[in-house]
Amino acid sequence: MEGIWFRLGFLNGAAVSSGASGGLALFWRRSWDIHVIESDFNKILVRFGGNGNTGDWVGCFTYAPPRRDARMVFWRDLCATMGSFTDPWIVMGDLNSVLSPDDKSGGRPVSRSEGQGLREFMFNLGAVDLESGSVLFTWTNGKDLDRLIRERLDRVVVSSSWLFLFKKVGVRNLPIHFSDHGAITLDTHMERENVVTPFRYLDAWSRDPDRRRVIEEAWREAIGGFHSFIPCQKLSFTAKALKVWNANVFGHCQTKIKALEKLLCEVQKRPPSNENAKDGRYLSLKAWDSLCKPKSCGGLGFRRAEDINFCLLAKFGWTLASKQTCLWKSILLDRYYHETAFGDSVLPSNASPVAKSIWATKDFIVKNSVWLIGREAKVKIGNHQWSGFDGDLIDSGFNPSGRFSLKSAYWALNNSRFEYKDDVCKRIWKTRIHERLKLFLWRLAQDVLPFGSKLASIFGPNIGRCMLCGLGEMDVVSHFVSGCDVTRSLWFSSLWGLRIQRFNLVGSREVVSLLLEPRFLNDCGGKILNEFFLYGAILYHKLWNVRNDIFHNKGVLSLAEVRKAIDLSFAEHKPLLNVGWDIESNQRGICAVRWGLPRPARMRCYVDFASARDDGAVAAVSYDVAGDIFVAVASKVRVHSVLQGELEAVRFGLNMAALLEVDVGTFFSDN
């Protein structure tokens, strides 16, 4: 532990380890006068040396036992220990006690005996519980809504004399991020006056190669006066230049962090509700189960890990049920069932977790299997149902070939979830446009774009103004797609001269349906329909990017620039769209447009540079005509700037191509 507190910037510390289950640790900086009195697995007791304003006081940093019987003994002993001190004292840490029903949400009701030990400790010593004005609960079990439990377990309890020493003390509970507990902070001067902080050079600036230019330009300012006056003025100019440069490059990081923490505290203060959980409006814009569906069903084609795990186990179960032979199957047969079939076998209670997991797939295999009746098999046909494995298992009903596969098992497992087909999303993914545009249209059709109306349904009633035209409370989908003056102007100035407001588009799904199937163009050929769909996708995608730039970066809207960007992007995409259309019209079958592939018989090579302190590395990856990786190599380099590193990466790629004697048509770099 000593190495840990040194790396964190602390001079001294005390630690108590209880093996693999963890322990307690207390670290302090050089300026603190702290002496350890005693320590054990549940507490570290220290004495804080006083200064000119305060005297000595005692601090007890605690992890109370989680078991109730042990916790009662702990509080009785701690009451005797803290009562023996005449100095002021505090007890801070995970006290593992709930004092009232307000300190708990979910689970079983709070009983009086649950916080009896801490309650008697505070009553006997006249202690005060310092409450926090931020997040109420400091612990959560992290379960789903129906099993979610939240409690206030971490506290700061002080004596009345300690509270008299620090009159401006305050406690702040931090939001729960990665652990099941939220950190608590004790500030002895919470109500301090606002002061102007002095200029400080941030270490992050040293990692940016542009900071040298800022310092040199500020230092070259012509200043007259005494020799002792000139350096002071140059330092002042440099500090001002670095402040401006920091705001433009790094932004107001601390302000953003505080705003995000405040938002997280507000969210965690709210009680969870069934309405939020059912509608998927609590913290996410789209439920994960909805994404884990095929694209034809409105999802993104992801597969749930638990379902894949179940299908992998079902493959083992299929092996046990079928006539395949292998060593591990023989071991399980001899151990758990000898004469009965797999479907009729019952595992003992002391079976291994692996065997229990495999047997859990038994009903699923029986349901999706084909049976052969006869061959001296004893079949029970009562109530028109055949029981278990009374026939001979001859085939798998997962797919027509009769073979077990993970893909067919996954579809059979999720058959009920995949019944509904989303024709709009299915047609989006089958179009011949760029994948980025497809994903944007999918988000638009599924109403997962973070408009003000969407965020207001989660965080509050404030919808916000439209970022394009400035109308108040109009950051909604219907206004964006057809009601905004900017959208109307762009559609009317397009090749189609469309008055988009006449279509009465209310939802995002309606506008995607209009792009896919414009009824006013029914008499036109498929080429015109595809161009209209492409233009509409580019128009709304560009408008969304402009809207985000105005919202996040305080950008300025230029209608002419937006129109120019849309026309330029449409001109870039249109030739590839026409190529795909011409090929399909001249040949039978489906011909996919291969976006981004090089010209025939030529490769493409991606190069990049990465750095860590003074060391760097370059890498190059080449793809063949089919889009498969041909070669991937990397090497260490030492450079003086990021630009030099990117150029070294390009040179590394050229040398690799020359060494392998391959024809690389295009080199791609992110700089």
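Buried residues have under 20% relative accessible area, exposed ones over 50%, and partly exposed ones lie in between (1.4 Å probe, protein chains only). The model is predicted, and local features need pLDDT of at least 70, side-chain atom pairs count only at pLDDT 80 or more, and totals for chains, interfaces and linings use all residues. Residues are numbered from 1 along each chain as its sequence is written, and side-chain values use heavy atoms, with hydrogens and water left out.

**View 1. Leucine 455 in helix 17**. With a relative accessible area of 33%, leucine 455 is partly exposed, and its place is in helix 17, residues 452-459, where helices are DSSP runs (H or I, at least four residues) numbered from the N terminus.

**View 2. Threonine 487 in helix 19**. Threonine 487, within helix 19 (residues 485-492), is buried, with a relative accessible area of 0%. Leaving aside neighbours within four places in sequence, threonine 487 is in contact (heavy atoms within 4.5 Å) with Phe480, Val481, Ser482, Tyr540 and Leu543.

**View 3. The largest nonpolar core**. A nonpolar core is a set of buried Ala, Val, Leu, Ile, Met, Phe, Trp, Tyr and Cys residues joined through side-chain atoms within 4.5 Å. The largest has 46 residues, and those with the most contacts inside it are Leu441, Leu468, Trp491 and Tyr540. Helix 21 gives the most to this core, with twelve residues. Leaving aside neighbours within four places in sequence, tyrosine 540 is in contact with several residues, among them Phe440, Thr487, Trp491 and Leu515.

Conventions. Helices (H or I, at least four residues) and strands (E, at least two) are DSSP runs, numbered from the N terminus.
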